[in-house]
Amino acid sequence: MNYMITSPERMILESLNKSSKNLKEIHNCTSLDPQLIQNVLTNLLSRNMVRTHNQVYQLNKNAPECYINDLNEKESKIFEAQTLIETCIEQSIEGQNSLFKFKKIYLSPRDKKMLQAMLINIETFLNNVNKNDKASTKDESIIFWGSAIYGNLLEDLVND
Amino acid sequence: MNSLQENILRQYRSKFPNDTLKEISHKTGIQITRVHRIFSGAEMKISEFEAVEKALAEKDESITGDLISTTYRCLTKLKASKLHKILATMNYALKIEELKNHDPSFGFSNIQSA
């Protein structure tokens, strides 16, 4: 079984990918609990994904390929999306800051084309948003969109 | 408040974060005014300590039982692919919990500079 990289580990790697940081800066950037950060860093150091020098942590650009592969592994990515979306749904239901909308509706071929065009617009907009490496990772927005055919989903769900 | 008491009250709050004083009183059998005093820092008697421990264990037992019986039904009825997903979910939750918890063996003194 491959190493399953968790969302906190991914968040810290993303933060270090913007710039090298000390513990306090990682905490400010991610708002994760300091103990959790320390444990994650210990893990990442032992896997050679991160280096440290004078208490500053930086991504190891020459990390072993097998560990890089873990980051891009399909199951790991599915899990990340799944857990974040699930938490977003829970927060949305509890009336917290997250927003989750979900709709089941029949779309005519014309409606489908219109929706597709709007989704492409969203994607284009997001791809063109200026990258800001100074912004805290914790302040990034998680956005998700997409659509599927109900019957196809159920077929996979039941027969998988 | 001694650390043992602090620890058990923290455990209780973490397992039943939304319990009102009345609910705590109902679960533990400790009088509501006494519950209020305990959570405000009054020292617990041994019997009260045991009552809180029992309330914590009761929840554990019911979840443990459900988990074991459901796991058994899953093992007998589900395909390997579904079992794999469930296992991955459990491992993922476990891993996050382990990362959250303090483990003294995870000392920073062991980390070598690059």
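This is a predicted model: local features need pLDDT of at least 70, side-chain atom pairs count only at pLDDT 80 or more; totals for chains, interfaces and linings use all residues.
Among the helices, the lowest value belongs to helix H1 of chain B, residues 3-15, with a mean pLDDT of 83. The highest is in H3(B), at 91. For chain B as a whole, the mean pLDDT is 82, and 86% of its residues reach 70 or more. One stretch to treat separately is residues 104-114 of chain B, where the pLDDT is below 50. Beyond near neighbours in sequence, that stretch has 12 contacts in the model. For the complex, the predictor gives an ipTM of 0.82 and a pTM of 0.73.

Now the make-up of chain B. Of its 114 residues, 10% count as buried. Taking contacts in chain B with a separation of 6 or more, 48% are between residues 24 or more positions apart.

Next, one helix pair in chain B. Two packed helices are described by the angle between their axes and the distance between those axes. How do H2(B) and H3(B) pack? Helix H2 of chain B covers residues 21-28, and helix H3 of chain B covers residues 32-39. Their angle is about 105°, and their axes are 9 Å apart. Angles of 65 to 115 degrees count as roughly perpendicular, and H2(B) and H3(B) are therefore roughly perpendicular to each other.

Which residues make the contact? From H2(B) they are Leu21(B), Lys22(B), Ile24(B) and Ser25(B). From H3(B) they are Ile32(B), Val35(B) and His36(B). Sorted by class, the contact has 4 nonpolar, 2 polar and 1 charged residues.

On to chain A. Its secondary structure comes to 7 helices and 3 strands. In sequence order the pattern is α-β-α-α-β-β-α-α-α-α. Along the principal axes, the C-alpha atoms of chain A fill a box of roughly 60 × 35 × 30 Å.

Buried residues make up 18% of its 160 residues. Among contacts between residues at least 6 apart in sequence, 55% join residues at least 24 apart.

Note on methods:
Residues are numbered from 1 along each chain as its sequence is written. Chains are lettered from A and ligands numbered from 1 in the order in which they are written. Axes are lines fitted to C-alpha atoms, for helices over the stretch in contact, and angles run from 0 to 180 degrees between N-to-C directions. Helices (H or I, at least four residues) and strands (E, at least two) are DSSP runs, numbered from the N terminus. Angles under 35 degrees count as roughly parallel, over 145 as roughly antiparallel, 65 to 115 as roughly perpendicular and the rest as oblique. Two residues are in contact if their C-beta atoms, placed from the backbone, lie within 7 Å. Ala, Val, Leu, Ile, Met, Phe, Trp, Tyr, Cys and Pro count as nonpolar, Asp, Glu, Lys and Arg as charged, and the others, Gly among them, as polar. pLDDT is the predictor's confidence in each residue, from 0 to 100. A residue is buried if 20 or more other C-beta atoms lie within 10 Å of its own, exposed if 12 or fewer, and partly exposed in between; C-beta atoms are placed from the backbone.
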